[in-house]
Amino acid sequence: MRIYFDHNATTPLDPRVADAVAAALHDDFGNPSSVHHFGQRAKQLVDDARAAVATLIGAEPSEVIFTSGGTEADNLALRGVSDALAGQGRRHLIASAIEHEAVLNTLKALQLHGSRVTLLPVDARGIVSPDDLRAAIDDETCLVSVMHANNEIGTIQPIAKLAAITHDRGALFHTDAVQSVAKVPTEITTLGVDLLSLSAHKFNGPKGVGALWLRRGLRLSPTQTGGRHERSRRAGTENVPALVGMGVAARAAIDKLASTGTPLAPLRDRLEHGILGAVSGTTVNGAREPRVPNTSNISFEGVEAESLLIALDLEGIAVSTGSACSSGTLEPSHVLRAMGLPPHRVQSSIRFSLGLGNTEQEVDRTLAALPGIVGRLRDLTRASARSRTAASGAGR
Ligand SMILES: Cc1ncc(COP(=O)(O)O)c(C=O)c1O
C-alpha cells in the first residue's frame, strides 16, 4: 500500500471529476465561441464551471477569468495590474518574502522592466506583520500581493488587515489562495481582496487549469493577447474538459466545506502529535494556528531531509521537502530561511500534506515506520561524521 502525503504538491482527481472530464472529452468537442449547437453546448459547460468557481469564493461569475493554473493567475494579476497602473505613476509592488515562485519570479521580471519591489519579512511563525506593510507602502504602490496560506508550512496570513492597509493608500490587494481554496473558507468579501488566484489541481481537479478572480470594474492589462475570450482578459480557446473538471471539483469543495468543515485537521494532528511524541528532536515549523488543516512541516534534528524523503519513499510513503518546484534542486527553502530558521533546521525539514483518501491507518503506519527510519539515518550521519574525523586525524 502506497501512502500519499504530498497533497500540497498536487492532489488525486476526485472520481466524479475524472468522470466529468472523460465525458466532456468524449462528447463535448465544440468551441465555446461558435454560435452553433456544438459551440453553445460547450459554452454552457464553461458557464457552469464559472458559476461553480465563483460560488466557491463568494464571487460573481463574470469576475472569474479562467487561466492555465495558479502560476498564470499570479502572472496575470501582477503583470496585468502593474501594466494597467504604470501610467498613473504607480510602479511599486509589495509582496511577502515567503510567496510562491510564481509571484517572486514574476516580481523579479517586473523589476527588470523598471518596477520597484519590496519584500516584506515574516516573523519566526511565518506571519507578515501589518506594521511592516504600513511602513513599506507609499503613494507609488500599485499592488500588494500576500498569499493566503503558505504551501510549505500552511500558515494563514492576516489578509483582511493587510488588504485594509493597502486600500487606505489607494493600492490594490492580490492574494494567492492556491493553497487555501477548498481547505478553509476563502471568501473574497471576508478577505477584502481585489484579486485572488486559485488552481484546480490543488483541490482534486485537473492540472493545467485555474482562475484569477478580479473585482468588477478594475483595470487589468491582458498578458496574453489574441481573441476576445474571457472578456478580452485572457485570449485562447478554453480548455473545456479541464474547466468542466474544475467546476465539479469546486462543487465538491463547496459541499465538503458546508457539511464536514475541516475533517483533515484531526488526521493531521494525529500525525503531528504522533511524530513529536515518538521521534526525539522534532519541531513543528511555522505557526500551528492559524493554519490550513492538512499541512505539517517538521524538522528532524540530525537528519538530511532529502535522505528522509527517499527512505520514506522506499517504505511507500510520499512526502516533500518543501514546494514541488524547488524540491529536486536541493535549494534550501526560502520560506524557512525567511522565518530565520538556522540552516540545520531548514535542511532537516519535511512537509506532510494530507488530503482526499488519507486514513488513520495510513497515519499509524507512518508513525510506526518513522522512529526506526530516523534512528537509522541518525546512526549513519554519526558514523560518517566519525569516519570523517578519523580520516582527517590520519591525514595530519
Ligand atoms: C501557493 C502556490 N501558488 C501558485 C502555485 C502554482 O500553481 P500551478 O501549479 O497551478 O501553476 C502553487 C503550486 O504549487 C502554489 O502552491
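I take helices (H or I, at least four residues) and strands (E, at least two) as DSSP runs, numbered from the N terminus. The model is a predicted one: local features need pLDDT of at least 70, side-chain atom pairs count only at pLDDT 80 or more, and totals for chains, interfaces and linings use all residues. Residue numbers start from 1 along each chain as its sequence is written.

**Overall look**

I counted 14 helices and 12 strands in the protein chain. (I took the radius over C-alpha atoms, and the globule rule is 2.2 Å times the number of residues to the power 0.38.) Of the 396 residues, 48% count as buried. Here buried means 20 or more other C-beta atoms within 10 Å of the residue's own, exposed means 12 or fewer, and partly exposed lies in between, with C-beta atoms placed from the backbone.

**Helix H9**

I went to residues 240-259 next, which form H9. Its 20 residues reach 29 Å from first C-alpha to last, close to the expected 28 Å. That expected span is 1.5 Å times one less than the number of residues. H9 is mostly covered, with 14 of its 20 residues buried.

How many of the five residues of S12 (residues 349-353) are buried? Five of the five are, so the strand is largely enclosed by the rest of the structure. Ser349, Arg351 and Ser353 point one way, while Ile350 and Phe352 point the other. I remind myself that side chains in a regular strand alternate between the two faces of the sheet. S10 (residues 295-300) runs antiparallel to S12, joined by five bridges; pairing takes at least two DSSP bridges. Opposite Arg351 in S12 I found Asn297.

**Around the ligand**

I found 16 residues around the ligand, with Gly69, Gly70, Thr71, Asn151 and Ser199 the closest. To be near, a residue needs its C-beta atom, placed from the backbone, within 6 Å. Helix H3 (residues 70-86) gives the most to this shell, three residues.

Which bond joins Glu289 and Pro290? I noted a cis peptide bond there, with omega about -10°. Pro290 sits in the loop between S9 (282-284) and S10. Ala182 has a positive phi near 80° although it is not glycine, and Ala182 is buried, with 26 other C-beta atoms within 10 Å. Glu230, in helix H8 (residues 229-232), also has a positive phi, near 50°.
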